[in-house]
Every structure is written in C-alpha cells, then in structure tokens.
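This report covers backbone geometry and nonpolar packing.

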Amino acid sequence: MSDQYYGQQPQFGEPGQGDYGQQQYGQYEQQHQQQYGRQQYDRYEQQHQQQPPQQQYEQQQYDRQQAYGDQQQHQQHQQYGGDAPQQPAPQQQFGRSSRMSESSLRVVWVYPDLLSTYGDRGNALVVERRARQRGLGVQRIDVRSDQSVPTSGDIYLIGGGEDRPQRLAAERLRNDGGLVRAAENGAIIFSVCAGFQILGHEFVNDLGEREPGLGLLDVWTVRGEGARCVGDVLADVNPQLNLPQLTGFENHQGVTHLGEGVSPLATVQVGRGNGTGDGTEGAWRDTVFGTYLHGPVMARNPAVADMLIKLALDVNALPPADTTWYDELRAERIAAARPA
Ligand code: GLN
C-alpha cells in the first residue's frame, strides 16, 4: 500500500535558528575536546565506563564493545572525533549506518491518537529535552494514525494503548510499512506495552483473535489467564545495556513470550514484567526495544533516553546534564515500589 494511502507524508520541520544541528554538536564536541584535550576526553569516557552502574546514572555508557563489537567502537571516534568524516560511515554491524547526517535528531512519536496511555507522550518530551540539554537540535514529529510513518527518523517512540486502539494501530502500521522500513534501515525504536506487543509477531486483539504484529522483535503475546498485571515495577536491566535499575508502572493483560532472537530488557525485582513468570521484562535486539513500563518510563529513567540518543549519535558518552528532578521522581517511585 502506498505511503499516500493514509494521507500526506509528514514533513520534518526546517531547523530553526535555535536549533543546534549535528554540525554544531560536532563543534560542541570539538570545543569540549579543545578544552580538555582529546586524551582527557577519552579518559573521561573510560572513567565512566569503569564506574559501577549505580554511580554512572548521569552519564550512562552504552557498552558497545559488548553489545555492538569493536568495529562500531572504532567508528565512533572516526565520526565524532575532531575530524569530520570525508566518507559516509561504512555500513555497520547491524545494518545501521550513521543516522545523524541531517541537521537535527529526528524523534518520531508514532500514533499519539491511538497509543499513548499513562502519559507515554512524556517519552518523546524527555528524549527531546535530554538531547536539547546537550545542545542538540531536535525535530520532533508526531505521526497520527492517518499519516504515513516517515522512514528517515532517528528515534521512533511508540506507546501503550487499550485493546481496540491497539488493533487499529497494528493494522495501520502493517499497511503503512513505514516503521518496518525504518527498522530495516537501522532506526532506533523504543516501544511501550501495546507498542511492544505490536512490534512482536502477534498478539491477541480485542476480538479475541490472533492479530499479526510487525515482527520487528522475536516475541509473541497471548492473553494472560490470571489477573491483569497492574502496579509499580522495579527491574534490573540486562547488564549489557549498562543502565541503572528501571522504575515504572505496568497495566496489561497480555503475556509476552520471548523467542531466541531477543534478549530480555530487564529482570523484575517487583512487578510482573512480561507476565511469563520467569521474571523477564521487555525485550531488546540491536536498536529495537520493548518494555511494559509506563511512568512515563523515560521520565523515571532518563538514562534510557540518553541511551537512545547515544545510539543515534553513535557515541559512547554525552556531556553531563542535570537530573535533579528525575532523581527525586526515581527515589520516590523506587521507595513506593519496594515492599515495606
Ligand atoms: N492492551 C494491552 C494489554 O492489556 C496493552 C495495554 C497497555 O498498553 N497498557 O495487554
């Protein structure tokens, strides 16, 4: 089905004067490097890589050596070091080429009209905010379900939804094909709850039928027989992702099984997560992520937003950015989730 079917392809806005694009970010990095020297910058990166996870909440290091291999680690320095790359970066391990070739980070929020329960919109706001705090320009595009999903975004966010909107969203996303094409191009996709289920092979829809998903994650969802999974969640993230403990809120009937093509995103300490009884929460492969956590999850866990930004920029570290309010929210919600 053509892109026109659901209406006009939404356009990314032109970067405004206040927008700091990739070039400016490059300059920022250069200045940062001039100030501290390349060596110090490298040391700064290494130090943060050596810190235990709890201490590196502010500058989470995405451990590319583990997760993405040496090649990408090496390319990061080529691409965002002092010298601008002369050639486009070669295709990387997972088919992901460097995306930030345009002037701004392009954040696509998929189907706000159908999928945005429990303030999941906050994920788009937090990703945008965390990027801007680092002097990055951001073009955020909200793609309604009657529009085509653009294929040229850097980060795609898709939220939760009630059963019927979830079916409609899955149907439209399948017909549109934009999100799948973006994934094939190596886009970063972060999905929550209904969005997570839609990224899988199939889920059970509001009519009690098995509804095909997009097959972007090797997971499938059945309807849980027991009580709905509702409440606060605390979960330890897959160590490969090098993130602090996740706090979130879950509310779902679906139970999601993971295939061999994905790793669990996290292991629950409190809460149900995927609902399979094995403690797994969410799923992850390459640059595609799924979780059951609302909250919104990025507001409670800004390190997740930072991880996505680092993936988009293809860097291991970001300049520090204030987390005072996030820290307060985290502390409050973690305390609330822990059994007395
Ligand atoms: N409708 C799905 C379920 O109940 C997802 C719910 C949600 O996104 N909060 O499993």
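Which residues does Met298 touch, not counting residues up to four places away in sequence?

## Contacts of Met298

Met298 touches Asn123, Val126, Val127, Leu157, Phe190, Val304, Ala305, Leu308 and Tyr326, with residues up to four places away in sequence not counted. Contact here means heavy atoms within 4.5 Å.

## Basis of the model

The model is predicted: local features need pLDDT of at least 70, side-chain atom pairs count only at pLDDT 80 or more, and totals for chains, interfaces and linings use all residues. Residues are numbered from 1 along each chain as its sequence is written, and side-chain values use heavy atoms, with hydrogens and water left out.

## Nonpolar core

The largest nonpolar core holds 74 residues, and Leu157, Leu179 and Met298 have the most contacts inside it. Helix α9 (residues 302-313) gives the most to this core, nine residues. A nonpolar core is a set of buried Ala, Val, Leu, Ile, Met, Phe, Trp, Tyr and Cys residues joined through side-chain atoms within 4.5 Å. Buried means under 20% relative accessible area, exposed over 50%, and partly exposed in between (1.4 Å probe, protein chains only).

## Backbone geometry

Gly295 and Pro296 are joined by a cis peptide bond with omega of about -10°. Pro296 lies in the loop between β14 (288-291) and α8 (297-300). Helices (H or I, at least four residues) and strands (E, at least two) are DSSP runs, numbered from the N terminus.

Tyr111, in the loop between β1 (105-110) and α4 (121-133), has a positive phi near 55° without being a glycine. Tyr111 counts as buried because its relative accessibility is 0%. Asp286 is not a glycine either, and its phi is positive, about 55°; Asp286 sits in the loop between β13 (283-285) and β14.
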